[in-house]
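Trainee: I should like to learn how to read a structure of this kind. May we go through its features one at a time?

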Amino acid sequence: MSDNNPFGGSFGNSGGQYATTVQYGGGAEPQKPAAGAAPAGDVIKDTTTAAFAADVIQESRRQPVLVDFWAPWCGPCKQLTPQLEKAVRAAGGKVKLVKMNIDDHPSIAGQLGIQSIPAVIAFKDGQPVDGFMGAIPESQIAQFIDKVGGKGNGAPDVTEALAAAAEARTAGDVQTAADIYDAVLEQAPETIEAIAGLGELLFEAGDVEGAEAMLARAPEAKADAPPLAALRARMTLAAQASELGNPAEFERRLAENPGDHQARFDLAMVQNARGERHAAADNLLAIIKADRGWNEDGARAQLLRFFEAWGMTDEATLAARRKLSSLLFS
């Protein structure tokens, strides 16, 4: 590792255990087609509601499939789709791209909780596993394809730094994660993922004002980027949950009447505020399973808000989305 590596070395007390080769700068080497890969012309197609199961669910059991939800009136879609097609072709068959016009075929997007477009969801083994929203840069599209279909050589180094921060957070080393985010922002102040990551750490530590200050650092043009929108949604949900009252009361009501959907809904809100995401999702899924129409499909609508707050790649989001997909498509 070079001495001028802005992200290398030790962070906090980690001793460099998270990312000992993280660097910043440099470009990606051209990707070579994967062995036995499908011809580029065969990796992109349009689909319909009727063909979705074959084109996406079944095909994803053979290789990863990206689904691009778009519409003719969507300006950012017109920006993203050509870049997405270019990146998929450049990947040499590591992934397939399936495009779905939500104007002509709205039901799949609605059932999967797609609330804004463009949105790209990656499927593997018949299940949604990852995704992003909005027209992201070509470099990030390439990184996403590498993540889903297998990483190539020379990925942009800031990605490794962000991955190291995520690993530190998973290990409970909050200080290390904060140090990495700080280092990223020193070199690249407009890195949305680092702004959002540090904001999340502040919010989780109870520093709401600090989290709001981090959100204010984002460039105006990127203020609505998905990671920042997710943090705002999370903060809003926490504020709402704080007004609901004692969760023990909701648990008592459910013990007396498991069909008390309002008590289960309110308990889910409190559980989410506590960070008990899987439990919160399971309670909303229980309502959906028991009575899809309750409160005008309110449980599913709230679950989609959770997804937005948690982020599309959060473990709880992915697990709950799979369960929701099973409920809707079974």
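Mentor: Let us begin with strand pairing: two strands pair if DSSP finds at least two bridges between them. Please keep in mind throughout that this is a predicted model.

Trainee: Which residue in E5 is the bridge partner of Ala119?

Mentor: The partner of Ala119 in E5 is Met133. Strand E4 (residues 119-124) and strand E5 (residues 127-133) run antiparallel and are joined by six bridges. Two residues lie between the strands of this hairpin, and Asp125 takes a positive phi near 50° there.

Trainee: In what sense do E1 and E3 pair?

Mentor: Strand E1 (residues 44-46) pairs with E3 in the parallel sense, over three bridges. Lys45 stands opposite Val98 of E3. Strand E2 (residues 65-70) also runs parallel to E3, with six bridges joining the two, and Trp70 stands opposite Asn101 in E3.

Trainee: How many residues of E3 are buried?

Mentor: Burial is judged by relative accessible area, and under 20% counts as buried. In strand E3 (residues 96-101), six of the six residues are buried. Both faces are covered: Lys96, Val98 and Met100 are buried on one side, and Leu97, Lys99 and Asn101 on the other.

Trainee: Why does Glu85 count as buried?

Mentor: Glu85 counts as buried because its relative accessibility is 15%, and the cut-off is 20%. Glu85 has its place in helix H2 (residues 75-90). Leaving out residues up to four places away in sequence, Glu85 touches Ile44, Leu97 and Lys99.

Trainee: Is Gln271 buried or exposed?

Mentor: Gln271 is buried, because its relative accessibility is 9%. This residue lies in helix H11 (residues 261-274). Beyond four places in sequence, Gln271 touches Glu276, Ala279, Ala280 and Asn283.

Trainee: With which residues is Leu228 in contact, leaving aside its neighbours within four places in sequence?

Mentor: Leu228 is in contact with Ile192, Ile195, Ala196, Leu215, Ala218, Lys222 and Ala223.

Trainee: Where is Thr313 found?

Mentor: Thr313 is in the loop between H13 and H14. It is called partly exposed because its relative accessible area is 41%. Although Thr313 and Gly131 are 182 residues apart in sequence, they are 6.5 Å apart in space, C-alpha to C-alpha. Beyond four places in sequence, Thr313 is in contact with Asp130, Gly131, Lys147 and Leu318.

Trainee: How far may the coordinates be trusted?

Mentor: Where pLDDT is low, the predicted coordinates should not be read in detail. In this protein the mean pLDDT is 81, and 85% of the residues reach 70 or more. However, pLDDT stays under 50 over residues 1-41, for which the model has 71 contacts beyond four places in sequence. Residues 152-156 also stay under 50, with nine such contacts in the model.

Trainee: How many helices and strands does the protein have?

Mentor: The protein has 14 helices and five strands. Of its 330 residues, 49% are buried. Among contacts between residues at least 6 apart in sequence, 65% join residues at least 24 apart.

Key
Residues are numbered from 1 along each chain as its sequence is written. This is a predicted model: local features need pLDDT of at least 70, side-chain atom pairs count only at pLDDT 80 or more; totals for chains, interfaces and linings use all residues. Side-chain values use heavy atoms; hydrogens and water are left out. Contact means heavy atoms within 4.5 Å. Helices (H or I, at least four residues) and strands (E, at least two) are DSSP runs, numbered from the N terminus. pLDDT is the predictor's confidence in each residue, from 0 to 100. Buried means under 20% relative accessible area, exposed over 50%, partly exposed in between (1.4 Å probe, protein chains only).
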